[in-house]
Amino acid sequence: MYDRILLPTDAEKGTELATEHAIALAEHADADLHLLYIVDSDVYSSYTGDEYVHEFEGLEAALEQVGEDALEAAADAAREAGLEPTVAVRHGRPHEEILDYAADEDVDLLVMGSKERSGEYRRLLGSVTDRVARLASRPVTIVKTPVEE
């Protein structure tokens with residue numbers, strides 16, 4: 001049923017459950033697992049970075065490093081399960097890049113984490129996961145992680 005599964009990660013605490021779920025699904029379905037991190041262009045383009053002297057010390061590079069670290073941790077967990085994941089970092093608006101990647105790689109399923117917060121919080125801010133789930137033309141599994149507030 002699933003040949004290619006995509007797990008976008010935001011490197012936030014609480015994504016472990018989504019990672020475990022995606023790995024288990026890929027194992028069960030004998031599917032390729034894609035791991036994706038998006039360096040949010042809205043974050044680094046709105047920041048002047050005046051205190052940085054060298055371009056590699058800038059916010060964009062720092063965000064990319066955080067993403068690469070998160071992807072490596074997820075890839076290590078996948079390898080322990082016998083999978084050889086495809087790992088990618090893209091730059092842009094997260095929900096758009098996730099949807100573009102899913103289309104480019106023709107993934108069959110997206111597995112995304114979401115923090116289980118109160119309705120008021122969700123109504124005010126929404127999330128990348130919400131946007132992807134609303135706009136995706138392919139199945140999206142949302143794995144919720146409770147958050148203590």
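Biologist: Why is Glu97 called buried?

Modeller: In this predicted model, Glu97 has a relative accessible area of 17%, and because buried means under 20%, Glu97 falls on the buried side of that cut-off.

Biologist: Where is Glu97 found, and what is it in contact with?

Modeller: Glu97 is found in helix H4, and, leaving aside neighbours within four places in sequence, Glu97 is in contact with Leu36, Ile38, Arg90, His91 and Gly92.

Biologist: What makes the meeting of Glu97 and Arg90 a salt bridge?

Modeller: The side chains of Glu97 and Arg90 meet at 3.8 Å, N to O, and the rule asks for a side-chain nitrogen of Lys or Arg within 4 Å of a carboxyl oxygen of Asp or Glu, so the pair counts as a salt bridge.

Biologist: Which salt bridge joins Arg90 and Asp104, and why does the pair tie together parts that are apart in sequence?

Modeller: The side chains of Arg90 and Asp104 meet at 2.9 Å, N to O, which is within the 4 Å of the rule.

Biologist: Is Asp104 buried or exposed?

Modeller: Asp104 has 52% relative accessibility, and because exposed means over 50%, Asp104 counts as exposed.

Biologist: What makes the buried residues of H4 line one face of the helix?

Modeller: In H4, Pro94, His95, Glu97, Ile98, Tyr101 and Ala102 are buried. Seen down the axis of H4, these buried residues fall within an arc of 165°, so they line one face of the helix. The cover over the buried residues of H4 includes E1, E2, E3, E4 and helix H6 (128–135), while after H4 comes Asp106, with a positive phi near 50°.

Biologist: Why are Asp76 and Arg79 called partly exposed?

Modeller: Asp76 has 35% relative accessibility, and Arg79 has 35% as well. Because buried means under 20% and exposed over 50%, with partly exposed in between, Asp76 counts as partly exposed, and so does Arg79.

Biologist: Which residues do salt bridges that share partners join into one network, and how many salt bridges does the count come to?

Modeller: Salt bridges that share partners join Glu72, Asp76, Arg79 and Glu84 into one network, and the count by this rule comes to eight salt bridges.

Biologist: How do you know that Leu71 is buried?

Modeller: Leu71, whose place is in helix H3, has a relative accessible area of 1%, and because the cut-off for buried is under 20%, Leu71 is buried. Not counting residues up to four places away in sequence, Leu71 touches Thr9, Leu35, Leu36, Tyr37, Val87, Ala88 and Val89. Leu71 and Ala88 are 17 residues apart in sequence and 8.2 Å apart in space, C-alpha to C-alpha.

Biologist: Which residues touch the most other members of the largest nonpolar core?

Modeller: Of the 19 residues in this core, Ile5, Leu7, Leu33, Leu35, Leu83 and Val111 touch the most other members. Strand E1 (4–9), helix H1 (16–29), strand E2 (32–40), helix H3 (59–80) and strand E4 (109–116) each supply at least two residues of the core. A second, separate core of twelve residues includes Ala88, Val107, Met112 and Val132.

Biologist: What does Leu83 touch, not counting residues up to four places away in sequence?

Modeller: Leu83 touches Ile23, Ala26, Glu27, Ala31, Leu33 and Ala78.

How values were computed: Residues are numbered from 1 along each chain as its sequence is written. This is a predicted model: local features need pLDDT of at least 70, side-chain atom pairs count only at pLDDT 80 or more; totals for chains, interfaces and linings use all residues. Side-chain values use heavy atoms; hydrogens and water are left out. A nonpolar core is a set of buried Ala, Val, Leu, Ile, Met, Phe, Trp, Tyr and Cys residues joined through side-chain atoms within 4.5 Å. Buried means under 20% relative accessible area, exposed over 50%, partly exposed in between (1.4 Å probe, protein chains only). Helices (H or I, at least four residues) and strands (E, at least two) are DSSP runs, numbered from the N terminus. Contact means heavy atoms within 4.5 Å. The arc is that of the directions from the helix axis to the C-beta atoms.
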